[in-house]
Amino acid sequence: MGLCLSGSDVRGGKQAVGGAHLRPTSAADHNNVSGQNDAVDFFFKSRGLHALFTQIELSLSASKLRDLDIASKSDPMAVAHAKKRDGRLKEIGRTEVIMNNLIPAWIGKIAIAFQFEIVQPLLFRVYDVDTKYHNIPVKMLKLEDQDFLGEASCVLSEIVTKQNRTLTLKLHNNYGPQVSRNFGTLSVHAEETVASKSAVEIAFRCSHLQNVDLFSKSVSSDKVAKFGGSKSQLFVEKFVEKEQYSFLDYISSGFELNFMVAVDFTASNGNPRNPNSLHYIDPSGRLNSYQQAITEIGEVIQFYDSDRRFPAWGFGGKTFDGTVSHCFNLNGRAGGFEVDGVEGIMAAYASALNNVSLAGPTLFGQVINTAARIAGQSLSYDRSKYFVLLIITDGVLTDLQETKDALVRASDLPLSILIVGVGGADFTQMEILDADNGCRLESSTDRVATRDIVQFVPMREVHSGQISVVQALLEELPGQFLTYMRCRDIKPLNVQMAQTCA
């Protein structure tokens, strides 16, 4: 049974139905929608890997709600829904009911698993709960029996990228936001449900270890040293406790992911006017593999780039002056390589197919060096930018060693590179660049990459496995971002400001 507690001048919780013993609504309460799986988390963490999800809680508040009650004010309750790819809604949580209040701040929080690699559309609806239902638990209320006060929608990424992770939305009616009537506002605040972000770095030193080898000393890392007698000792040389900031800590403080795209214009793609070509633009609107990769990946990353102006290049094509270029501006302009939004990339790509002749060979070096130069230049004026280059290609590299050299140099920069392989070519070289086998790339001068910055996915395997190309490509990106920031002791902007003021 719901419980109503009295109180004065309180916006939420006490003057509420369901305000007592309220706990965050878990995904398990709603058929395990987008919820955290403890077993899965343990599996990844026990192997030193990042979990697939970041569990967060949403807190809701509203202002200037409509008053639908005659003798008193409305009794509002908020309901959150996740919008599926097919447009269907799945309820993920409800708040308590707050009595007689048009500016409620609900105590009940809504749990949801944040996944960087997908777009997560949300819909929030606010209802005025009729007095006769106040003794019914909120989860049992039939929403169609309540008075509708307004709704608002957003994408979860829009919330977590806002300063202080709070997004304020205008409420509107069921017919859409174009209706001018004022329904008030809804504010959504996100918090990570992490018990502690502290990490400890410990360095040990041993002396007078017992030799357990017959003909040599115990020096290899796979040997277990025995401690015995009064002589063997273990010393703690270093013990440092530090804050381990999360990906969302950086993003919500103002750090950005700047998206860049490079498209393969080599002849092996086939004549764009031929329906069998990988570059064929289908009049029916069906996207080819290049368009699909641009759209799906761009739709995710665009929320982390405030101006949404994206550098876009082509390589391996013969441009208007008759020369083959391995890094030309996709928009055809000599003076600027940026386009506006994902739609701008798509328009520039379609236009380039009519103005650029496919040629070859397949070279990545110039494109990677150009992206690296932009990333490197940013360090002199803004360390809060991290760059993500998407390369879409159909062919076998001609400049494998040059590409490896470029990647090793770029591994010191705030840059990650996503490679999508389209078509049926042998992509063994791309697997080498990915370095997921634990062996870091080496340059022609025997320099080893500082870190792994490449993620490669062949489109055909993504399709056959029924998983999103976005998920396959982007799952490592937050980890690469954090590795760069932590290795250089770069802290979130709000932490930097606090330390400066102190």
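Which side chain meets Asp249 in a salt bridge? Keep that in mind as you open the structure, which is a predicted model.

**Stop 1: Asp249 and its partner**

Select Asp249 and Arg165 together. Their side chains meet in a salt bridge, at 2.8 Å from N to O. Now color the chain along its sequence and look at where each one sits: Asp249 belongs to helix H3 (residues 247-253), while Arg165 is in the loop between helix H2 (156-160) and strand E9 (166-170). The two are 84 residues apart, so this pair links distant parts of the chain.

Are these two buried or exposed? Asp249 has 13% relative accessibility, which counts as buried because the cut-off is under 20%. Arg165, at 7%, counts as buried too.

Salt bridges with shared partners join Arg165, Glu192 and Asp249 into one network.

**Stop 2**

How many salt bridges does the count come to? The total is twelve. For another one of them, pick Glu151 and Arg125, whose side chains meet at 2.8 Å, N to O. Glu151 lies in strand E8 (residues 147-155) and Arg125 in strand E7 (residues 121-128), so the pair ties together parts that are 26 residues apart in sequence. Glu151 counts as buried, with a relative accessibility of 8%.

**Stop 3: a bridge between loops**

**Stop 4: the hidden hole**

Stay with this part of the sequence and select Leu407, Ser411, Leu433, Ala435, Arg440, Leu441, Ala449, Arg451, Asp452, Ile453 and Val454. These residues line the largest cavity. A search of the whole structure turns up one cavity of 30 Å³ or more, and the volume of the largest is about 60 Å³.

**Stop 5: a nonpolar patch outside**

Time to go to the surface. Select Val200, Ile202, Phe204, Leu234, Val236 and Phe239, which form a nonpolar patch with about 610 Å² of accessible area together. Two elements give two or more residues each to the patch: strand E11 (198-207) and strand E12 (233-243). Zoom in on Val236, which is in strand E12. Its relative accessibility is 52%, so Val236 counts as exposed, the cut-off being over 50%.

**Stop 6: a buried Phe**

For the last stop, select Phe315. Where is it? Phe315 is in strand E14, which covers residues 309-315. Phe315 and Gly360 are 45 residues apart in sequence and 8.2 Å apart in space, C-alpha to C-alpha.

Technical notes:
Residues are numbered from 1 along each chain as its sequence is written. This is a predicted model: local features need pLDDT of at least 70, side-chain atom pairs count only at pLDDT 80 or more; totals for chains, interfaces and linings use all residues. Side-chain values use heavy atoms; hydrogens and water are left out. Helices (H or I, at least four residues) and strands (E, at least two) are DSSP runs, numbered from the N terminus. Patches are made of residues with over 30% relative accessible area and no salt bridge: like charges are joined within 9 Å, nonpolar side chains (Val, Leu, Ile, Met, Phe, Trp, Tyr) within 5 Å. Accessible areas come from the Shrake-Rupley method with a 1.4 Å probe; for residues, only the protein chains shown count as cover. A salt bridge is a side-chain nitrogen of Lys or Arg within 4 Å of a carboxyl oxygen of Asp or Glu. Buried means under 20% relative accessible area, exposed over 50%, partly exposed in between (1.4 Å probe, protein chains only). On a 1 Å grid over the protein atoms alone, a cavity is a set of points where a 1.4 Å probe fits but cannot get out, and a pocket is an open set with protein on both sides within 12 Å along at least five of seven lines; lining residues have an atom within 4 Å of a point. Grid points are joined across faces, edges and corners, and a volume is the space filled by probe spheres set on the points.
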